[in-house]
Structure formats: structure tokens, C-alpha cells
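Good morning, and thank you for making the time. I would like to walk through one structure with you, going slowly enough that you can follow each point on the screen.

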Amino acid sequence: MNHLLSSRDISKQEILKFFKKADKFLPIVLDKKKLKIAEGKILATLFYEPSTRTRFSFETAMIRLGGAVISNADMNATSSSKKGETLYDTAKMVSTYADIIAVRHPSAGSVEDFASGSSVPVINSGDGPGDHPTQGLLDLYTIHKNFGKIDGLTIAMVGDLKNSRVLHSQCELLLNFKNLKFIFVAPKGLEMPEEITKMLLKNKFAVSEMQDLKAAAPLVDVLSQTRIQKERFGSEEEYKKYRGIYIVDSNLMKICKKNMILMHPLPRVDEIDVDVDSDSRAKYFEQVSNGVAVRMAIIAKLLDL
Ligand code: CP
């Protein structure tokens, strides 16, 4: 079965094909138009964890392709999983109704479990701190659109590097490119998992770790900011130790390169000041429309449209 479960499984050739297709779909997204290529197809979105962008953008993507959507935004509370139905059985059922399924779940690896019961393509829409391949793809698409390339860039990843599945996905996908320099900016306790750092070093990328965002900011082409992931901490006290530790504001932007870009997968809490939104280098709302185009490309590929 042709699923999209892991960033690791996506080749450079596939990434570049997604970019090309997304370029074609982006005007449809920006002009709020609709195609007919997915007419008669149904996307199911099953979310066991909260979402605004990923679920709505998948649904928007399917509707703009001309297909239809069935959706549950709160599977834990309002589906038969509350009665004990397994992911495997849920997949058996829903793949009878739908042609393609987007699933988010709070446990790493659980979307793969789900996919084992599905007879239609399943898309990992975020599995706990594990992976978020479609967000990673839209982030790389945003970098590529802005620089016309990915090779050779210096990328800072900032914040909760331990728990950010988005950054983990970005790192996996960036392995397909060349001569990258990574600067990881994280407080003690929230550093990038060692296996990811080792994987980048093995690929001959330069990796440095810092705790001072002001020292890193002037060096980078891409600043990939993240939220401290409250939902991954054992207690409120633990989370409060880190909240607000790295804030991008207009003063920080003054020391950044003129042609750098600032990205964030959103939602943000306090880690980017709203004053920064009007800075032309702030790309986090551009990422949102890019995300619909990339997800249209992903659905089109998995459904062979
Ligand atoms: N970026 C992202 O995954 O956002 P949501 O959690 O709102 O889907």
C-alpha cells in the first residue's frame, strides 16, 4: 500500500516532484478555486490530538482537488475508540468508507499501527513527538521557494528540539540535500535527540549546538522557530521552566541577515512577537498556504490522480 508514514521514506526525487506539483496547485489555493481531478474520491481525517492547520489544510486540499471529506476532529472523545475499538479495526472500517485517510495521534508509531489495518493510503499527520512528514515537506517547499535551492544553507532550529516532531521531520528530509550547516539552539534538557544529530553528522553536515539565540541569529539563512510543547511535559511546573525562553522580536530580527527567512509551523504561544509578522522575512503565514498546495500534491500522488 502506498502510504506516507515517515519522512525517512521520502526520496529527493519525490520531494522535488511534490514541489513541482505544489507550484501548479498554489495558484488554485491563493485564488480559492476548485479543480475536478478528485471528483468521487473521499478523504477521511481522523485526529486523536488537537489540530487547526493540518486537519483544515488537508480538508481544504481535498475539496480544492474536487473531492469530498469525512472528518472527526476529536476521535478520543467522540469515536468508538472511546469504547475500546483498536486503531487496526478503525482503519479496517474507515478504509471501507474513504479512498485516503489522514491520521494524527499522540503516540509515536501509532499511525503506522493504524496503516496496518487500512486498505487505502494513510498519511501520517503527526504522531506524538515522532514525525510530521507533510509539515516537513511544506517547510522545505517554503525554503526552496524563497531561496530557489536548499543546498548550502545555514539553518538554525530553535526551541523544544527534543519534542518537535516538525524539526525531526525537517532533519530527516534535509538529509536529501548537500552542504547544510545546522545550528541547534535549545535549553538544557530540550536538546535535539542524539540519534538525529548523529544522523546529520554522518551525512557530513556541520552541526553546532548553542544556548544563546542572539549569537546564532546573525549566522543563519533559515531560522526555524518552535513552540515549547506543553503537552509533552509531565507537569505544568516542568513546562514553566522553559516557557518564554527564546522569543523572536523585532530587536532580534534587526541582527538577522537581510535575506534570511523566519519559519514556524504554528501554533505560536509567545515565541514570536506579533510585531514581527509584518517583517517580509517572516514566512509562517506563507507556510500555511504552501501547506495546502503541498497536501494537494500529496493526495494527488497517493491517489494517482
Ligand atoms: N503545524 C501544525 O501541525 O499545526 P496544527 O497542530 O494546528 O495542525
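I will take helix packing, then salt bridges, and then a few local details of the backbone. Please keep in mind throughout that what you see is a predicted model.

Let me begin with packing. Two packed helices are described by the angle between their axes and by the distance between those axes. For helix 1, residues 12-30, and helix 6, residues 133-147, the axes come within 10 Å and cross at roughly 75°, which makes helix 1 roughly perpendicular to helix 6. On the helix 1 side the contact is formed by I15, F18, F19, A22, D23 and L26, and these meet L137, L140, Y141, H144 and K145 of helix 6.

Helix 4, residues 87-97, can be looked at from another angle, namely by asking which of its residues are buried. They are L87, T90, A91, V94 and S95, and, seen down the axis of helix 4, these buried residues fall within an arc of 120°, so they line one face of the helix. As for what they pack against, the partners are strand 1 (42-47), helix 3 (75-78), strand 3 (100-105) and helix 5 (110-115).

Now to the charged side chains. How many salt bridges does the structure hold? There are 14, and I will pick out some of them. R227 and E231 are joined by a salt bridge with an N to O distance of 2.9 Å; here R227 counts as buried, at 15% relative accessibility, whereas E231 is partly exposed at 43%. In the salt bridge between E236 and K230, the N to O distance is 3.6 Å, and E236 is partly exposed with a relative accessible area of 36%, while K230 is partly exposed with 41%. D279 and R281 form another salt bridge, with the closest N and O atoms 2.8 Å apart, and R281 is buried, its relative accessible area being 11%. Beyond pairs, E49, R165 and R232 are linked in a network of salt bridges.

A brief word on I63, which sits in helix 2, residues 53-64. I63 is partly exposed, with a relative accessible area of 41%, and, leaving aside residues up to four places away in sequence, I63 touches K34 and V69. The C-alpha atoms of I63 and E39 are separated by 9.1 Å, although the two residues are 24 apart along the chain.

Finally, the backbone. Most residues other than glycine have a negative phi, and most peptide bonds are trans. K32, which is not a glycine, has a positive phi of about 55°; K32 belongs to the loop between helix 1 and strand 1 and is exposed, with a relative accessible area of 66%. K204, also not a glycine, has a positive phi of about 70°, and K204 is found in the loop between helix 8 (194-202) and strand 7 (206-210), where K204 is exposed with a relative accessible area of 74%.

That is where I will stop, and I am happy to return to any of these places on the screen.

Note on methods
Residues are numbered from 1 along each chain as its sequence is written. This is a predicted model: local features need pLDDT of at least 70, side-chain atom pairs count only at pLDDT 80 or more; totals for chains, interfaces and linings use all residues. Side-chain values use heavy atoms; hydrogens and water are left out. Axes are lines fitted to C-alpha atoms, for helices over the stretch in contact, and angles run from 0 to 180 degrees between N-to-C directions. Helices (H or I, at least four residues) and strands (E, at least two) are DSSP runs, numbered from the N terminus. Angles under 35 degrees count as roughly parallel, over 145 as roughly antiparallel, 65 to 115 as roughly perpendicular and the rest as oblique. Contact means heavy atoms within 4.5 Å. A salt bridge is a side-chain nitrogen of Lys or Arg within 4 Å of a carboxyl oxygen of Asp or Glu. Buried means under 20% relative accessible area, exposed over 50%, partly exposed in between (1.4 Å probe, protein chains only). The arc is that of the directions from the helix axis to the C-beta atoms.
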